[in-house]
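Trainee: I have a model open and some questions about it. Can we go through them one by one?

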Amino acid sequence: MTVVHVTGARPNFPKAAPVLAALAGLGVEQRLVHTGQHYDDRMSEIFFEELDLPRPDVNLGVGSGSHASQTAAVMVALEKLFTGEPPELVLVYGDVNSTMAAALVCAKIGVPLGHVEAGLRSFDPTMPEEINRKVTDALSDLAFVTSPEAIGHLAREGVPDDRIHLVGNPMIDTVLTHLDRFDPGPAREAHGLDGRYAVATLHRPGNVDSEAQALTLVQAMHKCADLMPILVPLHPRGRARLLDLGFADHPGIRVVDPLGYVEFMSLVRGAEAVLTDSGGVQEETTVLGVPCLTLRPSTERPATITHGTNRLVRADTLPAELAQIADRGRPSSWPVPPLWDGQAGPRIAAIVSSWLAGRSTGAANATG
């Protein structure tokens, strides 16, 4: 009874790693499919090396493209794969295009689906990820949620209670598993960072697609760089626009290519603050106790605000917010959401194993 994991982009890999390991420990047969949505070595390949992920059994190699073309390419490839060798269960992660594509294929051909990180909602329909989340959750047979508010979101959308499982956050499993490897010292030295610094990740359409919005962001980041150096592993998305608008012209802005997981997390761990529009970084900083300023009007991860170190900010308020953090310094203690304890992977594996056993028993009774 095979479980197939579908991953496609950088945020998926630290979520999938603990689930793969826990299911392997229970002797569950598994296959790993990498859609290739992120194909650059620093966006995907290094994760397999650093997180001890098994090599993908299948790499679809779909590459980049518009939302429609990328989703369609993944659907065509997965339909062929799943029709030839139907899995007993497909597990998808997060909210990238590959996640929704797999959900649609499974629904069309009758393959059961489990969604890890179900029920997150930003309530911002302009975010492509919000569409991916809602579609995937509506089609899932097993909804694994990372925080309590997600249960209410799914219930309001009509997802039956018996499909919803509060398991904690597998991305945090990965952070805690590798915590001893996150040494800020060598990472700071490698990037010439002496003293206080911030880390920034910026790529959301709302920040970088419009020239006017991107210019506002550039101006705000330059004011922040007056306070302390800012290391920016710049995502391919929006990179050209930001650089054309003079993003890297400030001497305090250090633009680098996307980093590997361990190097990036080491820099985050040692940072005075993180400035981001990413989802996963809000969670990682929450556990590490690093002040996080999220450049978005809403977040699908409100637990990082109520039980963490995250704050929502606008570009025009960002410099003042960073100045306050610089004055206060890092917190000595902070709350962490319930079940973000490093055991989400084993909880998911136990539920999947029990579900598979129930399917096997039902099939045996039907044939008997």
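Mentor: Start with a definition: buried means under 20% relative accessible area, and exposed means over 50%. Keep in mind that this is a predicted model.

Trainee: Is Thr201 buried or exposed?

Mentor: Thr201 sits in strand β8, residues 198-201. Its relative accessibility is 11%. The cut-off for buried is under 20%. Therefore Thr201 counts as buried.

Trainee: Which residues is Thr201 in contact with, leaving aside neighbours within four places in sequence?

Mentor: Contact here means heavy atoms within 4.5 Å. With neighbours within four places set aside, the contacts of Thr201 are Phe264, Leu275, Thr276, Asp277, Ser278 and Val281.

Trainee: How many disulfides does the structure hold?

Mentor: A disulfide needs two cysteine sulfur atoms within 2.5 Å. Take Cys224: the nearest cysteine sulfur belongs to Cys292, 13 Å away, and Cys224 is in no disulfide. For the structure, the count is zero.

Trainee: What is the relative accessibility of Cys224?

Mentor: Cys224 counts as buried, and that class requires a value under 20%. Cys106 is buried too, with a relative accessible area of 1%. For Cys224, the value is 0%.

Trainee: Which residues lie nearest the centre of the second largest pocket?

Mentor: About 360 Å³ of space lies in this pocket. Helices α9 (205-208) and α10 (211-225) each supply at least two residues of its lining. By class, the lining has eight nonpolar, six polar and four charged residues. Of the 18 lining residues, those nearest the centre are Gly206, Asn207, Leu295, Arg296 and Pro297.

Notes: Residues numbered from 1 in each chain as written. Predicted model: local features only at pLDDT ≥ 70, side-chain atom pairs only at ≥ 80, totals over all residues. Heavy atoms only, no water. Helix = DSSP H or I, 4+ residues; strand = E, 2+ residues; numbered from the N terminus. Buried < 20%, exposed > 50% of the residue type's maximum accessible area, 1.4 Å probe, protein only. 1 Å grid on protein atoms, 1.4 Å probe; cavity = no way out; pocket = protein on both sides within 12 Å on 5 of 7 lines; lining within 4 Å. Points joined across faces, edges and corners; volume = space filled by probe spheres on them. Nonpolar A, V, L, I, M, F, W, Y, C, P; charged D, E, K, R; others polar.
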